[in-house]
Structures are given as C-alpha cells and as structure tokens.
Amino acid sequence: MTKRSGFEKVIRAIARETAKQQRLNESERRAALRATERAERQQLRALAISEREQVRYNRESERAAKQNYIEFREQEVRDGNVAIRSWIEGLQAILSTSLMVDDTVTFDSLRITDNPPAFAPAKALVTVAEVPSLEFFTSKVAPLPWYLSLIPRFKSKHADQLRVAKEKFRLSEEEHKAQDIQRLQALRNARETYDRGVSAFLEKKALRDSEVDAFRYSYYEGDPESIVAYCSMVLEKSDYPEGFPQNFSLAFVPESKQLVVEYELPTPDIIPEVAEYRYIKSKDEVTIKQRKSSESKSLYADLVASLALRCLHELFEADQGEFLEVCCFNGYVDTIDPATGRGVQPHLVSVRATRETFMEIDLARVDRAVCLKNLGAHVSRSPSEAQPVRPIIEFNMVDKRFVDQQDLASQLSSATNLMDLNPYEFEALVANLFGKMGLESKLTRSSRDGGVDCIAYDPRPVLGGEVVIQAKRYKHTVGVSAVRDLYGTMMNEGANKGILVTTSGYGPDAFEFAKDKPIELIEGGGLLFLLQEIGIEARILMPVD
C-alpha cells in the first residue's frame, strides 16, 4: 500500500504539472490571441481614421480646386474687360496722344549716328601660347647615378633618352612657331575684315549724310517731291494701335501751297462688339454683353473725326519750312459694297483748312465733330454704314504728278498746251468739257456777259440747277478777288453753284473764302484730269517771261 500510494502521488504531481503547463500555454495562447486581436483592431481603427482623413482631405482639396477654378474664371473675365476698356480708351485718345508728341522729323534724325564697333578679335587670336621649356622635356629623364655612369651601356642609354627629349623640345618649338604664324595671319585677316567693314560703314554713313544734306537742301528750296517725301515721313512716324491701315497718298500743289492727303481709315470693325464679359458662377459660363449699336456708331464717328484732325495737326506742326498754307484731308475706307459685293472706297470725311485757321484751334478742348463742322468739312451722316461724301478736293485733280505724266506717254508730246489757246478758245474748251460731263452748257458772248463765261444746267432733280462757270487762263496764282467776283455773279444769276477753272492755282485766301459756299475751285492739275476723262490729252506749260 505504501508503494502504491507513493506512485499515485507521483502520477498526481505529474498530472498537476501537466495541467498547470496546459493552463499556462492556454493563457499564453489567449494573451497572444488578444494581442493579435488588439493589433488588428488598432490597425482597423488607424485605417478608418486614415480613410476619414483622406475623405476630409479630398473634400477640402475639391473645395480648394473649385475655388481656384472660380477665381481663374473671374480673373479671366476681369482681364477681358480690362482689355476692352483699354482699347476703347486708346481709340478715344487717338487725338490727345498726338498732341503730346513733337511730330517734327528732324533731318539729323535721318543720319546714321552710330559709330563702328571696336575691333574685338577672338581671344585665341590675341593669346600667345606658352612654349614648353627644354627643362620640361629633359626633366622627364631620370638622372643617371654616378656608379651607373661608369657602365657604358647605361651611360649610352641615358644619352639616348636626353637626345629624344631634346628632339621633342625642338619639334614642340617648331610646332609652336607654326601655330603662332597661323595665329598672327588669322589676326591680320580678322583686322583686314574689320577694316573693310569699318570702311563700308563709313562710306554708308557718308552717303547717308550726303543724301540727307541733299534732301534737306531740296526741301528748303521748296521742291514739291521733297515736300511730299517729308510729309510722308511725318505720317509714317505717327504711332497708331494695331489694326490701323496707315495707307495714304499725298499730293502737293506748289502754286497754292496746298497739300492733299488721301488717307485710309479703319473700318467700323475697329470698335469691339463686346461691351463687357460676365461670369455666372452657378452656371459656370461666361456671358457677353453686346455693345449698343448707337454707342458703336458714336465711337466710330468720333474716331473718324479724331483721325482727320490728328493728321492735319501732325502735318501743320511738322512743317519746318512752312510750305503748307492749305491742307486737305480726304479719309476713306476700303470695304465691300453690300449691294454688289464689289470692293469700294467711299470717303467718310473731307476737310480743308488753312494753317492760320487750324493753328488757332485748341485741339485738347474741342468737340471734334463741332470742330470739323466749323471748318466746313464734309462728314458722312453714317460713317459706320459707309455712307459716302464727296471730297472737297478730288485727289487726282490736284496731284501734280498727273501733270508730269506727259513724260510717261509719248503721245502727249504733241498734246495741246492750254496756255497757247486764246481766252475765247479756252472758255469754249471749258464749256465743251462740262457739256461732255453731263451738264447742259452754253457759252456766253465775250462781251456783256456780266462776268459769266459759261452757264450750265445740272438736269438732276433736287441736286441740280443753274451753274455759273468762269475760266481763267492764268499763269499766276488766282487771288481771292476772282472768287468774290464769282460769288457775286452767282447771287445776281440766282445760281445754285459756281465753278472757277484756272490753268494755275489758288491762294489760301481763295480757299478760305470758298469754304462754306457752293463754290468749286478747279486748279490746273484738276482741269487736265477732267479733260483726260473725256479723252482729251493736254498740257499746261507756263510761258517763260
């Protein structure tokens, strides 16, 4: 019993130990499981927090992106509106900006003022390469110890090495000399090229100076071509916004000191159709507010008036030689006739002014439309619709070059010289001219005509009526008294219009007197043009006193 009891104790002890170990293992397993579950829960929690933060970040990013987009669209609209306002303000300041500029073209400004550049050869051409010394090559040969110098074989080998080093030095020296010769030759070539360039530059500069001196001399001598060239420079120098044609033709009549300008105006498209941009945030769209038609028409009419006054101002202000007593501006547009689809060039404004009258105007304070009216200008009733006006002076009728065309056509060499006609023949020619132009003309008798050379009738309704014509075969400028006489004759005859035709030209007083009256003044160039239109070639050669 004692032995059995002891064995059982051992068994129970083992069992208890096993159970204890099992409990410990289970406890460790459960602890590990709980740790794993806790780690999983923490990971899930962290993931949930991360997802929640990401969602919040995405929402904030989306809101920020949307706000940035809205601000971009709003800024885009603001920029568009600023551009429109700036453009309109620029158009409205076309005249005022010119008043702040000296329009005179100085002759010295036409010269070449730059000096030729300094001689600057490449660095390699002026840098002398350093020549390696003999010691540089011989130093690479190791010194021969004294005890080896006693052995012929080593002594001979050392001597050979020194000879090779010296030969390398000689070859290097020769190569350096050859390279230096090439460098010096390239430097000489560069210098010769530079000198040739300087000579060409100085020749060009001297030629330009001689051309400017000749131009200046001919201008101050009153040469018509030089005056036209100078006035062209004045208008070409004028700075306009992009989109302005700036095409023009000039004609100068020295007899009357009159310059006629045929100037292309911008079309109504120069006025933006858009008055304002607006951004509607709720619809995310940009809407356009169209400019009122009345506003566009008003802006364009004001622009046309501004351009006419600006051009006259620039020409009179820049007239150094004071050759321009009268200036006529004819402004036209190059457009399409909607009725025919063909290109047309209707005139929208025509104004003529004397220097004395125009220079008294304070352009900074005037109402441009009223100013043109006061100058007796012909202005289109609707410039935006290209309703034309008749130029005060037809450009081709005063272009002096037209008279010079006799040199271009051999058949004109035998054309009739109007100065060779007697007064009655000249009057008959003028009467015949207006008859072929569509008027019912009747030549008056040479005596008791009351100052009337020809009576013509314009058969058109409303615009037609009686026309008094006087012909003056003069070689000198026609004065204002002749125009006054014509006006008096018109009053006596009850005529609707008076026409004064001469082989010469008119003075500024004559144009000034006729400005606001139904009087047409036709100079020699205009007469030749009209005769050519009916197939008559003629010349005006003034007799030499």
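Which residues form a positive surface patch?

1. In this predicted model, the positive surface patch consists of four arginines: Arg 34, Arg 38, Arg 41 and Arg 45. One of these, Arg 34, belongs to helix α1, which spans residues 2–92. Arg 34 has a relative accessibility of 46% and is therefore classed as partly exposed, since that class lies between the limits of 20% and 50%.

2. Ser 380 is located in the loop that connects β9 (378–379) with α11 (395–398). Its relative accessibility is 6%, so Ser 380 counts as buried, the cut-off being under 20%. Two backbone atoms lie beside its side chain in the list of contacts: a polar atom of the Ser 380 side chain is 2.5 Å from the backbone oxygen of Gln 387, and a polar atom of that side chain is 3.2 Å from the backbone nitrogen of Ser 382.

3. Ser 504 is found in the loop between β14 (497–502) and α15 (508–514). With a relative accessible area of 4%, Ser 504 is likewise buried. Its side chain reaches the backbone oxygen of His 476 at 2.7 Å. The side chain of Ser 504 also makes a polar contact, at 3.2 Å, with the side chain of Thr 502.

Technical notes. Residues numbered from 1 in each chain as written. Predicted model: local features only at pLDDT ≥ 70, side-chain atom pairs only at ≥ 80, totals over all residues. Heavy atoms only, no water. Patch = residues over 30% accessible without salt bridge, like charges linked within 9 Å, V, L, I, M, F, W, Y side chains within 5 Å. Areas by Shrake-Rupley, 256 points an atom, 1.4 Å probe, with all protein chains shown as cover. Salt bridge = Lys/Arg side-chain N within 4 Å of Asp/Glu carboxyl O. Lys, Arg positive; Asp, Glu negative; His and termini not counted. Charge placed at Lys NZ, Arg CZ, Asp CG, Glu CD. Helix = DSSP H or I, 4+ residues; strand = E, 2+ residues; numbered from the N terminus. Buried < 20%, exposed > 50% of the residue type's maximum accessible area, 1.4 Å probe, protein only. Polar contact = N/O pair within 3.5 Å; in protein donor to acceptor, adjacent residues only side chain to side chain.
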